[in-house]
Amino acid sequence: MAMQKIYQTFVALAAQLQSIHENVKVLKEQYLGYRKMFLGDAVDVFEARRAEAKKWQNAPRVTTGPTPFSNMPNAAAVAMAATLTQQQQPATGLNAFKL
């Protein structure tokens, strides 16, 4: 049930993002038309960003660091689990009444 709710939320957010993306594309075209009409400037001011994005897309991906599927536990995760375990254990003796 929880996974189905998460999936539905994800799909709804993706639909909203698509709508926003389409609106931004329309606004970009309108802005370029405005620049061309009123400023007499036919330069695509968004081209530099497109070229930069393409450069990064074509760059080889280098991954560093440990594999996410290693058998060695993460020290922070182990410490957090130990703390949670301590907090969940019932208090005994005089420590049970400490405020």
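**Before you start**

Residues are numbered from 1 along each chain as its sequence is written, and side-chain values use heavy atoms, with hydrogens and water left out. Because the model is predicted, local features need pLDDT of at least 70 and side-chain atom pairs count only at pLDDT 80 or more, while totals for chains, interfaces and linings use all residues.

**Stop 1: the whole chain**

Show the chain as a cartoon. The chain has three helices and zero strands. Along the sequence the pattern reads α-α-α. Helices (H or I, at least four residues) and strands (E, at least two) are DSSP runs, numbered from the N terminus.

The chain exposes about 9,800 Å². Carbon and sulfur atoms supply 64% of that area. Accessible areas come from the Shrake-Rupley method with a 1.4 Å probe; for residues, only the protein chains shown count as cover.

How much of the chain is made up of buried residues? The share is 2% of the 99 residues. Buried means under 20% relative accessible area, exposed means over 50%, and partly exposed lies in between (1.4 Å probe, protein chains only).

**Stop 2**

Select arginine 35, in helix 1. Is arginine 35 buried or exposed? Arginine 35 counts as buried because its relative accessibility is 13%.

Leaving out residues up to four places away in sequence, arginine 35 touches Gly40, Asp41, Val43 and Val45. Contact means heavy atoms within 4.5 Å.

Keep aspartate 41 in view. Aspartate 41 lies in the loop between helix 1 and helix 2. Its relative accessibility is 23%, so aspartate 41 counts as partly exposed.

Look at the two side chains together. Arginine 35 and aspartate 41 meet in a salt bridge, 2.2 Å from N to O. A salt bridge is a side-chain nitrogen of Lys or Arg within 4 Å of a carboxyl oxygen of Asp or Glu.

**Stop 3: the other salt bridge**

How many salt bridges does a search of the whole structure find? It finds two. Select glutamate 22 and lysine 25 next. Their side chains meet in a salt bridge at 3.8 Å, N to O. Glutamate 22 and lysine 25 are three residues apart in helix 1, so about one helical turn separates them. Glutamate 22 is partly exposed, at 34% relative accessible area. Lysine 25 is partly exposed too, at 41%.

**Stop 4: the aromatic pairs**

Color the aromatic rings. The structure holds two aromatic pairs. Rings of Phe, Tyr and Trp (its six-membered ring) pair if their centres lie within 6.5 Å; planes under 30 degrees apart count as stacked, over 60 as edge-to-face and the rest as tilted.

Zoom in on tyrosine 31 and phenylalanine 46. Why is this pair edge-to-face? The ring centres are 6.2 Å apart and the planes stand at 65 degrees, so the pair is edge-to-face. Tyrosine 31 lies in helix 1 and phenylalanine 46 in the loop between helix 1 and helix 2 (47-58), so the pair ties together parts that are 15 residues apart in sequence. Tyrosine 31 is partly exposed, at 38% relative accessibility. Phenylalanine 46 is partly exposed, at 22%.

Move to tyrosine 34 and phenylalanine 38. This aromatic pair is tilted, with 5.3 Å centre to centre and 40 degrees between the planes. Both residues lie in helix 1, four residues apart, about one turn of the helix. Tyrosine 34 is partly exposed, at 41%, whereas phenylalanine 38 is exposed, at 62%.

What sits over the ring of phenylalanine 46? The charged end of lysine 28 does, 5.0 Å from the ring centre. A charge sits over a ring if NZ of Lys or CZ of Arg is within 6 Å of the ring centre and within 35 degrees of the ring normal.

**Stop 5: the nonpolar patch**

Select Tyr31, Tyr34, Met37, Phe38, Leu39, Val43 and Val45, which form a nonpolar patch on the surface. Together they have about 760 Å² of accessible area. Patches are made of residues with over 30% relative accessible area and no salt bridge: like charges are joined within 9 Å, nonpolar side chains (Val, Leu, Ile, Met, Phe, Trp, Tyr) within 5 Å.

End on methionine 37, in helix 1 (residues 2-38). Methionine 37 is exposed, with a relative accessible area of 65%.
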